[in-house]
Amino acid sequence: MSESMSQVPPAHPPKIALKNVHKAFGPKVVLNGIDLEVGRGESLVVIGGSGTGKSVMLKCILGLLSPDSGSIRVDGDETTKLRPREREKLLHKFGMLFQGAALFDSLKVWENVAFGLIQGEHMPRAKAKDIAIAKMGAVGLGPEVGELFPSELSGGMQKRVGLARAIADEPEIIFFDEPTTGLDPIMADVINELIVKCVKDLGATAVTITHDMASARKIADRVAMIYQGRIIWTGHANDIDNSGNPYVDQFVHGRGEGPIQMQVRAL
Amino acid sequence: MGFLAATGRAFLIFLEATGKLAMFTGAALSHCLRPPFYPRQILRQMVDIGYYSLPVVGLTALFTGMVLALQSYSGFSRFQAEGAIATVVALSVTRELGPVLGGLMVAGRIGAAMAAEIGTMRVTEQIDALSTLSTNPFKYLIAPRLIAGLTMLPLLVLVADIIGVFGGFLVGVYRLDFNPASYIGRTWEFLEPVDVISGLVKAAVFGFMVSLMGCYHGYHSRGGAQGVGAATTNAVVSASILILVWNYLITGIFFSTK
């Protein structure tokens, strides 16, 4: 891919780079200076407890929320000040699997999968349907499922459809928001396998946020831990068991005792 | 001081809500006029608002026309003015009762459904999903509903006008023993185009208000089932009040002689 980076010196800037990103909702500070880089074709897993700002970080990168300050670059280009139309164009590079799958329940399953192709890229419906059925095949769903509505599917099947929708227009970057939450361990493993396979087939850059360590170990090339709105540790996936960081250690082993104190009551 | 602070805070909240609504309306209107359009969505909303509201609006109009004839008869017969009943029914239905009652029924049926649907889409992240699929939620969800509300309610009210007058005719002829031909003649005699047109203009404004309130409250709903419930209530209540206020204002514009 040719790069036309006038303002960024390196030939291959990181796919996504966050620098000192802050975001607060009223008095509640959620992101408190996030610094994070994701390399091209890399699969990064961000771990962290509930309410530490993982989802907000993804939404800031996508532009669904705008950060209060800091810089977010995609392919070396600053994205925090984009106009709506430029943002729409940028979002063609992204696919996202939402936590609750977020399927459109007024549309059939195949129309969900083909949505980005029909609405975003203005592909004829018949052609988009063929692609949708092929993508559904890739996540293990037969063409007959395409005629159903999302409410007729189980949680695991909905996740698969969400995954098929996320990869349908072959994005360069895919986000997975807690892909295994609410699934039984076997279905969780199936989804993890599918994620690894889809990301590899597309050669895409992937960012997954999760607190499921089994999922993190399976998907990750690199792991970053977020705590109180900051990235406190990053390292290779193999190193998470001997990170030398007491916070990471406590999280990975799921201990109640340690430096991370669970906030039982809202302050 | 506590009292002043509370007043100020309430006033600021009011200003903030007004500004938020104004910006939402402006953005929604600009997206109604700029491509891309989603004809499939517009058609779906038109069928939902126009066609599926026919039974409820038709029944409302029928019984309104019937009761109007009955009431005016019992009132007007005290001073031998029974002859004016047909005119009263036609004027009341076309100018006021058709658009207002039709608008209120549609606010209950459509405003609530829109707020609940869009609100659920918000809390289940479907609206975020739209954005990530490079589709602007304003264009895909809100513009079609506003366009459909604006165009379909006048058509509905036109049908309601006819059914309402017919209801009056039924009671007049079969219950009060008027001559059918003279009842119809009386209906036409004093009815002017402006009576019907003012009602249709009202209907267009009401349709827009109902869709706008449904979309606005749904779009800004938060916090799961309870939030969606609150959005639905707010949509119906605010649409109903706006209908009554705008009804007065539009009547003032059309018929104020002083």
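**Close-up views of a predicted two-chain model**

**View 1. Helices α4 and α9 of chain B are roughly antiparallel to each other.** Angles over 145 degrees count as roughly antiparallel, those under 35 as roughly parallel, those from 65 to 115 as roughly perpendicular and the rest as oblique. The model is predicted, so local features need pLDDT of at least 70 and side-chain atom pairs count only at pLDDT 80 or more, whereas totals for chains, interfaces and linings use all residues. Residues are numbered from 1 along each chain as its sequence is written, while chains are lettered from A and ligands numbered from 1 in the order in which they are written. Helix α4(B) covers residues 85-123 and helix α9(B) residues 224-255, and the two pack at an angle of about 150° with their axes 8 Å apart; axes are lines fitted to C-alpha atoms, for helices over the stretch in contact, and angles run from 0 to 180 degrees between N-to-C directions. The crossing of α4(B) past α9(B) is right-handed, the near helix being turned clockwise from the far one by less than a right angle, and anticlockwise in a left-handed crossing. The residues of this contact divide into 14 nonpolar, 10 polar and no charged, where Ala, Val, Leu, Ile, Met, Phe, Trp, Tyr, Cys and Pro count as nonpolar, Asp, Glu, Lys and Arg as charged, and the others, Gly among them, as polar.

**View 2. Chain B has nine helices and zero strands.** Helices (H or I, at least four residues) and strands (E, at least two) are DSSP runs, numbered from the N terminus. The C-alpha trace of chain B spans about 65 × 55 × 35 Å along its principal axes.

**View 3. An open sheet of six strands in chain A has the order β6-β7-β8-β3-β9-β10, with mixed pairing.** Two strands pair if DSSP finds at least two bridges between them. The edge strands, each pairing on one side only, are β6(A) and β10(A), the latter at residues 230-236, and the twist averages 20° from one strand to the next. Strands β3(A) (43-47) and β9(A) (222-227) run parallel and are joined by four bridges, with A:Val46 standing opposite A:Ala224. Helix α1(A), residues 54-62, packs on this sheet, touching β3, β6, β7, β8 and β9 of chain A, and its direction makes about 150° with that of β8(A). Helix α6(A), residues 155-167, lies across β6(A) and β7(A) and runs at about 175° to β6(A).

**View 4. Strands β1(A) and β2(A) form a hairpin with two residues between them.** In the turn, A:Gly26 has a positive phi of about 60°. Eight bridges join β1(A) (16-25) to β2(A) (28-38), and these strands run antiparallel; A:Val21 has A:Ile34 as its bridge partner in β2(A). Strand β1(A) is also joined by five bridges to β4(A) (69-74), again antiparallel, and there A:Lys19 stands opposite A:Ser71.

**View 5. The contact between the chains takes 15 residues from chain A and 11 residues from chain B.** Two residues are in contact if their C-beta atoms, placed from the backbone, lie within 7 Å. On the side of chain A that touches chain B, β6(A) (94-97) and α4(A) (115-120) each supply at least two residues, and the largest share, four residues, comes from α4(A). That side of chain A has nine nonpolar, five polar and one charged residues.
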